[in-house]
Structures are given as structure tokens and as C-alpha cells.
Amino acid sequence: MTYKVIQWTTGFVGREAVKGILSHPELELVGAYAWSPEKDGQDVGELCGIAPLGIKATNDIDALIALGADCVCFTPHQFEGADVVCRLLEGGLNVVASNMTNFRALGDAERARVEAAAQAGGASFFGTGIFPGFANYIAANMATVSQNFSCVRFLESVDVSHYHALYNYDNLGWGQKPEPKWEQVNREVLSFYEECLDVMADMLRVPISERRFNIEFAITPEDREYFGFEMKAGTIAGQKCTWQAFTAGQAEPVIELDVCWVAGAGLEPEWPIHHGYTMKVEGNPNVETRVTFSPQVAERLEDYIDMSNTVTSMPIVSAIPTVCAAAAGIRTYADLPLITGHYVPKTES
Ligand SMILES: NC(=O)c1ccc[n+]([C@@H]2O[C@H](COP(=O)([O-])OP(=O)(O)OC[C@H]3O[C@@H](n4cnc5c(N)ncnc54)[C@H](OP(=O)(O)O)[C@@H]3O)[C@@H](O)[C@H]2O)c1
């Protein structure tokens with residue numbers, strides 16, 4: 001079976017998603033959405049830095065829906081309301097996305113609207129990535145081997161100074177003075193991270209009674225700039241966030257998700273950075289693992305940059321056949337069957 005896929009934008013994650021779709025034997029790229037006016041009408045392969053594909057990116061949403069594709073790989077800059085996703089689902093297109101988990105953060109009415117659109121179109125929505133996504137799914141799976149586990153902890157710890165899309169952190173307050181408002185802004189902008197607590201709780205049958213969020217910022221003592229994104233002395237250039245889920249009567253969290261992101265060394269305070277994902281299950285036995293990534297070819301800085309977008313895009317791309325086969329509705333790792341990669345034999349060159 002081959003599933004026809006439309007790629008929604010060709011930014012950093014989207015470009016790697018296109019390469020993943022092209023390399024997946026069950027997927028066929030049939031179209032692409034262009035948000036930037038200058039990308040409208042351009043060949044998708046050229047937009048992704050690969051050979052022309054004979055497929056033009058377009059900003060004509062009706063024309064894309066009319067292609068009769070099975071799925072949209074939805075990786076725009078940020079999630080701006082559910083209107084477009086509802087339109088795609090109602091049009092019968094399954095949607096896999098990098099920037100939304102289960103829509104709880106948008107409120108009951110919006111979540112119900114997305115669910116209704118999915119039911120009307122007989123389509124499903126699934127959000128993943130590296131984190132939110134694959135990494136916290138692995139952490140939840142680790143509890144399989146532990147009796148009476150009491151806590152699953154997860155930490156993403158990375159220096160994002162090598163990350164081309166660092167400019168997207170401006171809407172978290174980076175490059176600006178630390179102010180109390182940034183706590184609420186972060187909680188809202190990163191709400192799809194908080195929704196991972198729901199997915200893990202569903203997977204592990206944890207009856208959440210309370211969720212807590214905490215944030216700390218690190219400040220740069222001098223001006224710094226990465227990929228054209230400036231952070232002046234005294235502004236935010238790093239942050240630690242924690243999302244916790246508690247059950248009634250328990251003083252300690254049952255699920256704890258942490259991120260620690262810094263743009264370079266020498267911030268105040270300076271936190272240790274582990275360059276990857278550390279996952280721990282506290283139980284009998286305790287279980288611990290670290291997931292790190294290295295590029296297949298490590299010759300240029302771009303190889304590392306592409307890799308961070310590959311590990312975001314591939315959980316989304318790999319999920320497409322499963323999501324297309326799933327029952328209509330908002331789906332998560334808690335109710336989909338196991339999603340794996342797809343082996344492709346090497347061809348002689
Ligand atoms: N789950 C995870 O693990 C994970 C990890 C990393 C990123 N993400 C998420 O994945 C998404 C894509 O990240 P990215 O680094 O690929 O983003 P990006 O390159 O900065 O932007 C993606 C595309 O969005 C469109 N765009 C740009 N500015 C826009 C605006 N103001 N309003 C609407 N669309 C705009 C552009 O589309 P055109 O190409 O058509 O012009 C752009 O190429 C983000 O939402 C990010 O939060 C998730």
C-alpha cells in the first residue's frame with residue numbers, strides 16, 4: 001500500500017520530512033504547501049536542497065485538498081489555532097504534526113471541534129517529533145520492565161547554539177529582558193509539551209490529579225549571536241522548564257518532564273548540559289537510559305543541524321502509515337499500535 005502525502009511548509013523540519021517521505025517505500029509525495037509567497041510555484045525538491053521533483057509548492061489550500069492525498073505532514077513555524085487542521089481533517093486528510101499533541105491546551109471547545117472535524121472527514125490527527133514525541137514515548141515504555149514504578153523522569157538537555165531555528169525562541173523571551181510575563185508565555189507557547197503528560201499518563205494508567213509547571217531563565221553576561229539571532233548582555237539565552245504530573249495524596253510527581261536549553265556556554269547560572277535525552281524509571285528495578293544522536297556523515301556543521309531536524313521529522317513521517325490506518329479522531333501514542341522505522345535495502349551505487 002502506498003500513501004499519498006502533502007508536505008505542509010518546507011522549513012527546517014519540513015525539508016527533512018520531505019527527504020524522509022521520499023525514502024519511505026510506503027509513501028509518495030504528491031504536493032506541498034508554501035506559506036512564504038516567494039515559495040509559491042517553486043519546485044519542492046529545490047526548496048529542500050535536493051534534485052527537482054516536478055512537484056510545485058502552492059499556497060492554494062483547496063487545490064491541495066483536491067489532490068486526494070491520504071495525509072498531510074504538518075510542520076509549520078508554530079501552531080496558530082485549529083482552523084487549518086480542521087479544514088484538512090474535514091477534507092478527509094489525515095494529519096501528522098510536529099507542533100501539537102492532543103489539543104487539550106486549546107480548551108475543551110477547540111479540542112471538540114478538531115475531534116468533530118476528524119470524525120466528519122473520517123480522518124485522524126497525530127502529533128509527535130523528538131520531544132514532544134518519540135523521546136517521552138520511549139521513557140513511558142521503559143516502565144514496562146519495572147514493578148510498582150513510582151516515577152518516570154525525562155530530561156532533554158541541549159545546547160541550541162547549533163540550531164538554525166533558534167530565532168523561534170524569541171517568542172519564549174530569548175534575547176529579551178527576564179520578566180515575570182515570560183512564565184505564562186512559555187506555559188502557553190509550550191503547551192504541547194505539557195500535553196505529553198496526558199499521553200504518558202494514558203500509556204501508564206496514571207490518574208493525574210494535578211499538573212505543575214516551573215521555569216527558570218539563564219542570562220547572557222555579554223552580547224552573543226547565533227545564525228543572526230542576537231541576545232544582548234542581560235537578556236535571556238537559556239531556560240529550564242519542568243512539567244510534573246501528580247496523583248492524589250502523593251507528594252512526589254509520578255511523571256516529570258524537564259528541558260534544559262542554553263545558547264552557548266558561560267550563561268548565568270551555568271547549568272550542566274548532557275547533549276541528549278536522559279530517561280529514568282524509579283521502581284523495581286530502576287531503569288535508566290540516555291538517547292543521543294550523531295550524524296551518519298559528520299563533515300560540516302550543517303550535518304549536525306540537519307540531524308536535529310531529521311530526528312524531529314522522522315517520528316512524524318514513520319507514523320504516517322499507522323495514522324492513515326487508524327480510527328478517525330485525535331490519536332496519540334497511547335492508542336496507536338507500535339510505530340517503527342521502515343528498513344530499506346541499500347542499492348549498489
Ligand atoms: N516535536 C518536536 O520534537 C519539535 C522539535 C523541533 C521543532 N518542532 C516544531 O516544528 C515546527 C517546525 O519547526 P521548524 O524549525 O521547521 O520551523 P521554521 O523552519 O522556522 O518554520 C517552518 C515554516 O513555517 C512557515 N512560517 C514561517 N513563518 C511563519 C509565520 N509567521 N506564520 C506561519 N508560518 C510561518 C514557513 O513556511 P514556508 O516554508 O512555506 O515558507 C517556514 O518554512 C515548529 O512548530 C516547532 O515548534 C517540534
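Start by selecting strand 6 (residues 124-127) and strand 15: they pair in the parallel sense over three bridges. Strands here are DSSP runs of E with at least two residues, helices are runs of H or I with at least four, and both are numbered from the N terminus. Two strands pair if DSSP finds at least two bridges between them. Now pick Ser 124; its bridge partner in strand 15 is Gly 329.

A word on the model. It is predicted: local features need pLDDT of at least 70, side-chain atom pairs count only at pLDDT 80 or more, and totals for chains, interfaces and linings use all residues. Residues are numbered from 1 along each chain as its sequence is written, and side-chain values use heavy atoms, with hydrogens and water left out.

Contact means heavy atoms within 4.5 Å. Axes are lines fitted to C-alpha atoms, for helices over the stretch in contact, and angles run from 0 to 180 degrees between N-to-C directions.

**The two domains**

Colour by domain: domain 1 is 3-127 + 309-331 and domain 2 is 131-292. The bounds come from an automatic or database domain assignment. The C-alpha centres of domain 1 and domain 2 lie 26 Å apart. Their contact takes 13 residues from domain 1 and 16 residues from domain 2.

Select the open sheet with the order 8-11-12-7-13-14; its six strands show mixed pairing. Strand 8 (210-219) and strand 14 (287-291) each have a single partner strand, so one side of each has no neighbour in the sheet. The twist averages 10 degrees from one strand to the next.

Next, strand 7 (residues 147-159) and strand 12 (residues 255-262): parallel, over eight bridges. Asp 159 has Val 262 as its bridge partner in strand 12. Helix 6 packs on this sheet, touching strand 7, strand 12, strand 13 (276-284) and strand 14. Helix 7 (residues 181-189) also packs on the sheet, touching strand 8 and strand 11 (236-246).

**The second largest pocket**

Select Gly 20, Ser 23, Thr 310, Val 311 and Met 314, which lie nearest the centre of the second largest pocket among its 31 lining residues. The pocket holds about 800 Å³ of space. On a 1 Å grid over the protein atoms alone, a pocket is an open set of points with protein on both sides within 12 Å along at least five of seven lines; a cavity is a set where a 1.4 Å probe fits but cannot get out; lining residues have an atom within 4 Å of a point. A volume is the space filled by probe spheres set on the points, which are joined across faces, edges and corners. Helix 9 gives the largest share of this lining, nine residues. Both domains contribute to the lining, so the second largest pocket lies between them.

**The cavity**

Last stop: the largest cavity, of about 70 Å³. Its lining includes Phe 126, Asn 136, Cys 196 and Tyr 333. Helix 6 supplies the largest share, four residues. Domain 1 and domain 2 both line the largest cavity, so it lies between them.
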